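These are my notes from looking up a few places in one structure. The sequence and the model come first, then the entries.

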Amino acid sequence: MTSVRLWGLSRRATNPILVFNSFNQYIGEYSVTMISDLPKKFKNGILIFENKNNDCDQNVSSKINFKNGIPKEFFRECKNGYGDTYGFYSL
């Protein structure tokens, strides 16, 4: 599940990808930088990201495979092999 939380007078945003188990219990999250960095769909155990940010190559997409468990981190490519790495945080 994705979420966008706006807070404070400056309207800052927090954009987590929330991960739950099969019992709907919160497991942890990946906290991504921008709203445009959130994934677009989840299909067959794979989270799919599309580049909609004008600074990124819109022909590049990134994927996270959850079929073998929750990855500790993932790399979301923007352009020419550059991008951001996001880590998984649990309670």
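I count two residues as in contact when heavy atoms lie within 4.5 Å. The model is predicted, so I keep local features only at pLDDT of at least 70 and side-chain atom pairs only at pLDDT 80 or more, while totals for chains, interfaces and linings use all residues. I number residues from 1 along each chain as its sequence is written, and side-chain values use heavy atoms, with hydrogens and water left out.

Entry: Ser62.
I looked up which residues Ser62 touches, not counting those up to four places away in sequence. I found Leu47, Ile48, Phe49, Phe75, Arg76 and Glu77. Ser62 is in strand β6, residues 61-65; strands are DSSP runs of E with at least two residues, numbered from the N terminus. I note Ser62 as buried because its relative accessibility is 8% (buried is under 20% relative accessible area, exposed over 50%, partly exposed in between, with a 1.4 Å probe and protein chains only). The side chain of Ser62 also reaches the backbone nitrogen of Glu77 at 3.0 Å. I take that as a polar contact, which is a pair of N or O atoms within 3.5 Å; within protein, one must be able to donate a hydrogen and the other to accept it, and residues adjacent in sequence count only if both atoms are side-chain atoms.

Entry: β7 and β8.
I followed Glu77 to its bridge partner in β8, which is Gly83. Strands β7 and β8 (residues 82-90) pair in the antiparallel sense over six bridges; pairing needs at least two DSSP bridges between two strands. Their hairpin has two residues between the strands, and Asn80 takes a positive phi near 50° there.

Entry: Lys79.
Lys79 is in β7, residues 73-79. Is Lys79 buried, partly exposed or exposed? I put Lys79 down as partly exposed, because its relative accessibility is 38%. Leaving aside neighbours within four places in sequence, I find Lys79 in contact with Asp55, Cys56 and Asp57. The side chain of Lys79 reaches the backbone oxygen of Asp55 at 3.4 Å. I also checked Asn59, 20 residues from Lys79 along the chain, and the C-alpha atoms of the two are separated by 9.2 Å.

Entry: salt bridge.
How many salt bridges does the structure hold? I find one, taking a side-chain nitrogen of Lys or Arg within 4 Å of a carboxyl oxygen of Asp or Glu. The side chains of Glu50 and Lys52 meet in a salt bridge at 3.7 Å, N to O. Glu50 is partly exposed, with a relative accessible area of 26%.

Entry: positive phi in loops.
I looked at Asn24, in the loop between β2 and β3 (26-32). Phi of Asn24 is positive, near 65°, in a residue other than glycine. Asn24 is exposed at a relative accessible area of 65%. Asn44 is in the loop between β4 (41-43) and β5 (46-50). Asn44 has a positive phi of about 55° and is not a glycine. Asn44 counts as exposed at 60% relative accessibility.

Entry: Phe20.
I placed Phe20 in strand β2, residues 12-20. Phe20 is partly exposed, with a relative accessible area of 34%.

Key
Helix = DSSP H or I, 4+ residues; strand = E, 2+ residues; numbered from the N terminus.
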